[in-house]
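Please examine the sequence and the three-dimensional structure shown below. The paragraphs that follow lead through this structure step by step.

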Amino acid sequence: MKKLYLGVDIGSVSINLVAIDEENELAFKLYTRNSGNPIELVKEGLTKFKEEIEIDDYKIGGVGVTGSGRELIAYILGADTVKNEITAHARASTYYHPEAGTIFEIGGQDSKLIIVEAGIAVDFAMNTVCAAGTGSFLDHQAERLGIPIEEFGGLALEVDRDVRIAGRCTVFAESDMISKQQYGFTKPEIINGLSEALVRNYMNNLVRNRVLEGEYIFQGGVAANIGIKAAFEEEIGAEVIVPKHHDVMGAIGIAMLAKRDVKRSGQESSFRGFDLTEQEFETTSFECEDCANNCEVIKVIADQKVIAVTGDRCGKWAASLIGDTAAVANAEGSSEKEEKTGNERIRRA
Ligand code: SF4
């Protein structure tokens, strides 16, 4: 039976699910907005996958999960491989572009720079703080200017005059844009200035004094914006390549890594199967006060049992709660562990 390998990227803005075959060809691709319930969205993604793929002809050979919400979803799926986004993005990028030297990645809520040598990520920088260098800032400005985000990038290429927009933070950028509009600059000119500001922000916050080498790869959701691509090319004076599947490169990379890991281990995948799309999950969280880390510990409960615990940096709660049925009562506020763990927040998916 032919095998497919699932890759899931749980970001704060989008949740991406792909399936690749033995030759790394993409058999399924889903990019969805993260509306705040990743378990439900992953279940819906798997249901769509089953509807599109003749699943009886295939076997799931491996599952990988990456992204900021990877730990929880990895437990739910029974993932074989769980790795950070840097590793996953670099894997996919260097597969499609073996000569890659620099990867620019800009997503909805963060941006990353990955330096690659001989196909290996050797250095990276991440910006998770400054919104002015991310896709959500562009989304917001497109909405403010009344321009669909899909047309935003193209308009930036239609200008004769340059206008400099302050890009150090969202508040300055927005007030600067408003005043430049009042001075009579057109919307395309403002958008062009904004694209250049975003790239300047990226260079100042992430690249700093690093020396960049080609090939230059641009991926993440924002890579669809040809205005930003052009601004990068202008800034570095070289061609920037946007991969065909630029929006799901993290998911593709983690699927490739899962395939590699399962083959190396010689074991079967630990994927929990498609029945999980029918299963009800409940997550509860509490703040552990046993040391200064104050971890937010998340429990996943299915069939009246705790099946996963994540967020506890020292691992103490995972060891004591998994398989615990009393912990369900705890989540409902009736056991003595409740006093220990404080108020729990409960949600179902
Ligand atoms: S879970 Fe462990 S590391 Fe986190 S606050 Fe409690 S004792 Fe500290």
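Does Gln304 count as buried or exposed? The model in view is a predicted one, and in this model Gln304 has a relative accessibility of 57%. Because the threshold for an exposed residue is over 50%, Gln304 counts as exposed. This residue lies in the loop between strand E12, which covers residues 296–302, and strand E13, which covers residues 305–310. Its backbone also deserves attention: phi of Gln304 is near 65 degrees, a positive value in a residue other than glycine.

Ala118 is not a glycine, yet it has a positive phi of about 50 degrees. Ala118 is found in the loop between strand E7 (111–117) and strand E8 (120–127). With a relative accessible area of 82%, Ala118 is exposed. Another point of the backbone concerns a peptide bond. The bond from Gly214 to Glu215 is cis, and its omega is near -5 degrees. Glu215 belongs to the loop between helix H7 (187–207) and strand E9 (216–219).

The chain has 349 residues, of which buried residues make up 52%. Among contacts in the chain with a separation of 6 or more, 62% are accounted for by residues 24 or more positions apart.

Ile106 is found in strand E6, which consists of residues 102–106. Its relative accessible area is 0%, and since a buried residue is one under 20%, Ile106 is buried. Ile106 and Phe218 are 112 residues apart along the chain, and their C-alpha atoms are separated by 8.0 Å. The other example is Ser12, in the loop between strand E1 (2–10) and strand E2. At 48% relative accessibility, Ser12 counts as partly exposed. Leaving aside residues up to four places away in sequence, Ser12 touches Asn34, Ser68 and Gln109. The C-alpha atoms of Ser12 and Gly107 are separated by 9.3 Å, while the two residues are 95 positions apart along the chain.

The next topic is the space left open in the protein. The largest pocket holds about 690 Å³ of space. It is lined by 37 residues, and the closest to its centre are Tyr31, Gly107, Gly108, Gly221 and Val222. Which parts of the chain supply this lining? Strand E2 (14–20), strand E3 (26–33), helix H3 (85–96), helix H4 (135–145) and helix H5 (149–155) each supply at least two residues. In terms of domains, at least three lining residues come from each of domain 1 (2–89 + 250–277) and domain 2 (98–242). By residue class, the lining divides into eight nonpolar, 20 polar and nine charged residues.

Which residues surround the ligand? They are Cys288, Asp290, Cys291, Asn293, Asn294, Cys295, Asp312, Cys314, Lys316 and Trp317. This shell divides into five nonpolar, two polar and three charged residues.

Note on methods
Residues numbered from 1 in each chain as written. Predicted model: local features only at pLDDT ≥ 70, side-chain atom pairs only at ≥ 80, totals over all residues. Heavy atoms only, no water. 1 Å grid on protein atoms, 1.4 Å probe; cavity = no way out; pocket = protein on both sides within 12 Å on 5 of 7 lines; lining within 4 Å. Points joined across faces, edges and corners; volume = space filled by probe spheres on them. Helix = DSSP H or I, 4+ residues; strand = E, 2+ residues; numbered from the N terminus. Nonpolar A, V, L, I, M, F, W, Y, C, P; charged D, E, K, R; others polar. Domains from an automatic or database assignment. Near = heavy atom within 4 Å. Buried < 20%, exposed > 50% of the residue type's maximum accessible area, 1.4 Å probe, protein only. Contact = heavy atoms within 4.5 Å.
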